[in-house]
Amino acid sequence: MNATSTLLPPDATSRPPAATPVPPAPRPTTRAPRRRSLAPFALLAPGGIILALVTLAPILFVVFISFTDFGQRALFTGAFAGVGFDQYTALLSDPEFWYSVLRTIGFTVALVGGSVLIGMGISNLLTRLNTGMRLAVTIVLICAWAMPNVAASLVWTWLFQPGYGVMNWLLTQLHVFGDMTNTNWANDPVLAYSSIWMLVVWQAVPFIALTLNAAETQVPGEYIEAARLDGASEFRIYRTVTLQHMKPTLFLVTILSVIWDFNIFNQIWLVSSGGPDGATSTLGVFMYTTAFVGFDIARGAAIAVVTTLMLLGLTAVYIRSLIRSGEEL
């Protein structure tokens, strides 16, 4: 036993070291709440007011008019009266309205199906071209997409014009459908729908093809190479690998196409004016003829409100898909 242990008490070696005192926690300082600056709201106010005037005010006016008997008399005298839901009751009991709804749905399905399928094909074709050809095809697609639909519709009617139309002459030279030189496509429901379908698809394909191509170029190449090493065909690789990675973009493009094609008006009106005998009268054409040809403006406003509610349902699906795709990414 050493000298140090003899000087300590017996239990001194077993006592724990004294704990260092913990300083008290600092008291939280109360800060005065920061006052929000009104400068951002002041900067956004002019744009918000203009947007409300050009967007919100017309919508509210159309909704208001749909609950009145506003018509040709009101245009000259300014006198009209409220009728409640009578316009909507009469509209929903009108067979012509439901025929236009069915025509709109059927035509939308044909337009979306054709444009999406052709856009998928062109998107896949762009991935197989060299740089020069890919650039040339992209420029052509952008030029077709940038053309205003009114100008494109007018040129389209010249192409299918009876007597001197280029398409009628070309089909006649093929000797497949006989002599079509004097054929008026707008006077036949099938030919009118075919002409409008080709016009709308021609305008819609560039956006779909370029958007899908942007998604297709992001597919990992090692997945495709692994599938080829396993002996999978090109079609199977495209179906099981490429489409799986393109599914969110493909779904969003399809929803957008449905919204755009459901509300189509310019192309139908400029090519066939809803004829012959209302065969190509979709909801947009039916609304226009009711409000501005028959001067039943209140009924046309009710058609516009119902059409907007249908499109809002499609838009809700689109927004929900955007949120879900953002969460997946």
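Visitor: What makes the pair formed by Glu234 and Arg128 a salt bridge?

Guide: In this predicted model, the closest N and O atoms of Glu234 and Arg128 are 3.7 Å apart. A salt bridge requires a side-chain nitrogen of Lys or Arg within 4 Å of a carboxyl oxygen of Asp or Glu. The value of 3.7 Å is within 4 Å, and the pair therefore counts as a salt bridge.

Visitor: Why is Glu234 called neither buried nor exposed?

Guide: Glu234 has a relative accessibility of 38%. Buried means under 20% and exposed means over 50%. The value lies in between, and Glu234 is therefore called partly exposed.

Visitor: How many salt bridges does a search of the whole structure find?

Guide: The search finds five. Among them is the bridge between Arg103 and Glu96, with the closest N and O atoms 2.9 Å apart. Another joins Arg73 and Asp69, where the corresponding distance is 3.8 Å. Both values are within the limit of 4 Å, so both pairs qualify. Glu96, at 32% relative accessibility, and Asp69, at 31%, each count as partly exposed.

Visitor: What does the secondary structure of the protein chain consist of?

Guide: The protein chain has 14 helices and zero strands. Of its 329 residues, 33% are buried.

Visitor: Why is Ser66 called buried?

Guide: The relative accessibility of Ser66 is 0%, which is under the limit of 20%, and Ser66 therefore counts as buried. Ser66 is found in the loop between α2 and α3 (72-77).

Visitor: What makes the pairing of Ser66 with Tyr88 a polar contact?

Guide: The side chains of Ser66 and Tyr88 come to 2.7 Å of each other in this contact. The cut-off for a pair of N or O atoms is 3.5 Å, and the value is therefore within the limit.

Visitor: Why is Ile49 called exposed?

Guide: Ile49 has a relative accessible area of 51%, which is over the limit of 50%, so Ile49 is exposed. Ile49 lies in helix α2 (residues 39-65). Together with Ile50, Leu51, Leu53 and Val54, Ile49 makes a nonpolar surface patch of about 530 Å².

Visitor: Which value does the phi of Phe295 take, and where is Phe295 placed?

Guide: Phe295 is also a residue other than glycine with a positive phi, near 55°. Its place is in the loop between α13 and α14 (297-328). Its relative accessible area of 35% lies between 20% and 50%, and Phe295 is therefore partly exposed.

Visitor: How do you know that the peptide bond between Gly275 and Pro276 is cis?

Guide: The omega of this bond is about 0°, and the bond is cis. Most peptide bonds are trans. Pro276 is found in the loop between α12 (266-271) and α13 (283-293).

Visitor: Why is Leu141 called buried?

Guide: Leu141 has a relative accessible area of 9%, under the limit of 20%, and is therefore buried. Leu141 is found in helix α6. Leu141 and Ala204 are 63 residues apart in sequence, while their C-alpha atoms are 9.9 Å apart in space.

Methods: Residues are numbered from 1 along each chain as its sequence is written. This is a predicted model: local features need pLDDT of at least 70, side-chain atom pairs count only at pLDDT 80 or more; totals for chains, interfaces and linings use all residues. Side-chain values use heavy atoms; hydrogens and water are left out. Patches are made of residues with over 30% relative accessible area and no salt bridge: like charges are joined within 9 Å, nonpolar side chains (Val, Leu, Ile, Met, Phe, Trp, Tyr) within 5 Å. Accessible areas come from the Shrake-Rupley method with a 1.4 Å probe; for residues, only the protein chains shown count as cover. Helices (H or I, at least four residues) and strands (E, at least two) are DSSP runs, numbered from the N terminus. Buried means under 20% relative accessible area, exposed over 50%, partly exposed in between (1.4 Å probe, protein chains only). A polar contact is a pair of N or O atoms within 3.5 Å; within protein, one must be able to donate a hydrogen and the other to accept it, and residues adjacent in sequence count only if both atoms are side-chain atoms.
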